[in-house]
Amino acid sequence: MEKEILVEFFQKKLSLIRWIESILKVPIDSDLCVSLAGGTILCYLAKTIDDDLIPTIHDSKNPYKQRENFSMFIVSCRELRVPLLKLVSFEDFAKHNIVQIVECLTSFAEQCYKQYVVAPLPSVTIADARAALEKEKNGDQLLKQLKTPKQILVGKVRVSAEVFRRTLKLLMSTNKSFNMDQFEETVAKAQAYFRRFSAKNTMNSLRKKAAFRLKVINEMVTTETDYVGYLYECIKKFKPLINKFVQEGVIAADSEHVIFNNIEEIADFNQGFLDKLKTSAQDIKANGSFLSVYKILEGALEVYKTYMISYSLSIQRVEQILCIDYVKQGLDEAKGNDKDMSSYLIMPVQRLPRYVLLLNELKKHTWEGHPDGKTLDEMMVLVKRVTTEINESKNKADAERKTPQLFEKYKRGKFLTTQDGDILYERDFTLKKTQVLGVLTPSNFVIVNNGIAKMVFPLQRIKLLLCNQHKDCFKIKAGIRTKVKLQGTVLSPDGGLIKMINEMKKKSFAQQSMLLDQKKDNTGETLDELTFDRNIDPEEELKKRRIAQGRMSICVRRPVVISDTSVSSDNIKKVEIRQPPEGKRYSQTMLPSLKEKDMLMSDRMSVSVRPRSRKTSTGSTGSFSNPKLVTLALGSQEKVTGSSSDLVINNQKSTGNNALTRAVLRGKNVEMVDGKRKKNSLGLDVYSFNELTAKPEGIEHDQLVFHMSDEDFLMLFEVGFEEFKGWKAWKQKAEEQKAGLW
C-alpha cells in the first residue's frame, strides 16, 4: 500500500517536470527543492504562460529578492484560483517539503490548462515511476510527508485545520466547565491570524500593482522615444531621396508632398510631448501622479488630422513609385536592413490608439485612492475623443474622395466604344515626337493626346516590353502586328507600367481562398518532442531569452467554451469537360455556378466544365461521352459574360479552331501501342497537340498538322484531312498559324 502511494506520487512528479520542460524548453533537475529554490524558474514559468502574471523577475541570488519572487508567484497562483490548501511557501523549499511543492505546481498546471491554450500534464507510465522510486534515497521521509495532514497557509505560520475545528467546537460547547479566558485567548489568536493573512494579501497585491505601474510608465517613455526617433529617421533617410527622384523626372512633381505631407510637424509635436513626459516621469514613485502631461495630446487633433486624411493617397503613391525599378533600387539601398518607407509612414496612424492601450494598462494596475485615479479617467476620455475625431475625419474623407473617371476627365475619341473606368495611374510619354499621356484603368491602357483618348488597349490582350534599341522606350504589343512605341526617360522608360500591369494580371488570375487547403489549427495541446541541450543553465538561458524577446508569453486564454470541432479540408474540386462526338463542335460552354468563375480565371487551373448538348442535323439531341479532365487556360480572344445564375464563355470565332478547343487538345496525351505511336488515316505517326506545337525534329513545319489523330484534326478544323488539303494554300496557312502549328 505504501509503495503504491509512492509510485503514484512519482508519477505526478515526473509528469510535472516534463510539463515544465515542455513550456520553458530548458532542463529541470529532478530535485525540485534545489532546481526551483530561488523562485526564478517559477516566475519564468508563470510569465511564459501569461506575461501579465508576473510584473518583474529578480535574477539575483539575494534571499530577499528570492523571497519576492516566491511572493509574486504565490499571488499568481491565487489569481489562477489554486486551492488554498495546496499553496507553497518559501519555507517548504528550505525544509525540502517536496510533497507540498508538487501539489502546488500540479494544481497550477491544471489551472493553466483550464484557462489557457496550453498542453495538459503528460501521462507517465508506472514503470518510469518505479524506476525513479528506486533511485530515491529518502523514501521514508517522503512517505512521512505524504501521510502528514494538509495545512492551510495563513500569514507567516501554518495553522492546522484541526485548530479551527477545536475552536468551533469550543464556541458551540455548552459544558459548565467552559473557561472564558481560554476562549477569549483562542478567539483573539484566530483574529490575529486572519488580520495578518488579510494584511499580507493586500500588501502583496499593492506591491504587484506598483511594480506593474512602474513598468507601464517606463514603457510609455520608451515607446515614445522610439516613435519620435523613427519619425526623424524617416525624414532624414527617405525625404531627400524622393526629392532627388522628382528632380530627375522619374516620378511626379507632387510626390514628395503627397507621400510625406506634414510628417515633420508631427515629429516636432511629439518631440515636445516626449520632453515633458520624461520630465514628469523622472524619479516618479509608485504612488506618484504625472498623467496631467497627457493634456498636451489635445493639440494632436489638428496636427494628425491633416496627415490621416491623406494617408490613403500616400500609400497609393508609394505603391506606384515602387513599380519603377530605379526608384525601388534606390529605396532598398537607403533602407538597408531597417524598415521600409511604408513601415515608417504607418507609424503616426498606429500611435494614437497606442496611447489608449497604455492608459488602459495603467488603469488596470492603479488601485482605488491613488492620486492618479481621477486624472487617469480624464486623460483616457481626452485621448479617446481625439482618436475618435481623427478616425471619423479620415473615414469621411476616404468616403467622399472620388476617383476620377476616364471619360469624365478626357474626351472619348472617335470610334472608341470601350467602357469607362477609374484612373489608377497617369504618366507623360512621347509618341512619334508628340507629347501624350498614358492612362491606366482597371481594364485598359489608354493613350491620351490633347485631352482626347486616342488609343485604347485592353490589358488582357497586350504585352509591354522594354525596347532593346532605345533604352528610354518601351513597346506595346497587341496581337501579331500591332506595335506602339512610347518614349519615357532613360532612368524610367515605362514609368513602372510594365510591373503594374503584370501585377494586375496576376491579381485577376489569383487563386481564391476557397481553393486553399484548410489546415487544422495547432491548438498547442500536445507536447512536442523535447529537443534541447540538457547541459545548459536553465536560469541563465531564461534570462537571455527574456532580454532578447521582451514579452515571453506563448499562450492565449481559452474561450468560455472549449470546442473540439474541426473543419475538414476539402480537396480542389474538378469538373469534367466532355468532348463532343465526332463531327460535332462546341458552341457554348456553361459553368455550373458562379463560384466556378474564379476557378476558371485562375492561371492553368484544373476546372470542370460541362458543355450543352446540341441538336444534330436530324433534329435529335446529341449526347457527349468519354469525359476527360483537362487543363483550361483562357486565351486572349475569350470574352466572359453572364449573370449570377449562369456564366457563359463565348468565343469571338465560333469555329473549332479557337482557344477553348486548343485548351482541350493540350490536355490530351498521345496513346502508345506496344511502345510505338499509332497511325492516322494518312499512315503517319500520331503526335499530341503539345508535341506538335513544340516543333519536333524530323517533321517539316508545313506537315505538322497531318501528324494529328483523325479525331483531334476533326475537332480542331471541323473537316477531314482530304477536305483540308482541298483548301487554298493561304487558308491552310492561316489556320495552321492560328493553331500554332506552323
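Predicted model: local features only at pLDDT ≥ 70, side-chain atom pairs only at ≥ 80, totals over all residues.
Tutor: A hairpin joins β5 to β6 through 3 residues.

Student: What makes β5 and strand β6 (residues 444-449) a pair?

Tutor: Pairing takes at least two bridges between the strands. β5 and β6 have 4 bridges, in the antiparallel sense. So they pair. Within this pairing, L437 stands opposite V448 in β6.

Student: How do you know that strand β4 (residues 425-431) pairs with β5?

Tutor: Use the cut-off of at least two bridges again. Here 7 bridges join β4 to β5, and the strands run antiparallel. So β4 and β5 pair. F429 has V436 of β5 as its bridge partner. These strands form a hairpin with 2 residues between them. In the turn, K432 has a positive phi of about 55°.

Student: Why is strand β5 (residues 434-440) called largely enclosed?

Tutor: Buried means under 20% relative accessible area. In β5, 5 of the 7 residues are buried, so the rest of the structure largely encloses the strand.

Student: Why are helix α13 (residues 300-309) and helix α18 (residues 372-400) called roughly parallel?

Tutor: Their axes cross at roughly 30° and come within 9 Å. Angles under 35 degrees count as roughly parallel. Therefore α13 and α18 are roughly parallel to each other. The crossing of α13 past α18 is right-handed.

Student: Which residues make the contact?

Tutor: On α13 they include L301, Y304 and M308. On α18 they include V386, I390 and K394. The contact of α13 with α18 has 8 nonpolar, 2 polar and 4 charged residues.

Technical notes
Residues numbered from 1 in each chain as written. Heavy atoms only, no water. Axes fitted to C-alpha atoms, helices over the stretch in contact; angles between N-to-C directions. Parallel < 35°, antiparallel > 145°, perpendicular 65-115°, else oblique. Left-handed = near helix turned anticlockwise from the far one by under 90°. Contact = heavy atoms within 4.5 Å. Nonpolar A, V, L, I, M, F, W, Y, C, P; charged D, E, K, R; others polar. Buried < 20%, exposed > 50% of the residue type's maximum accessible area, 1.4 Å probe, protein only.
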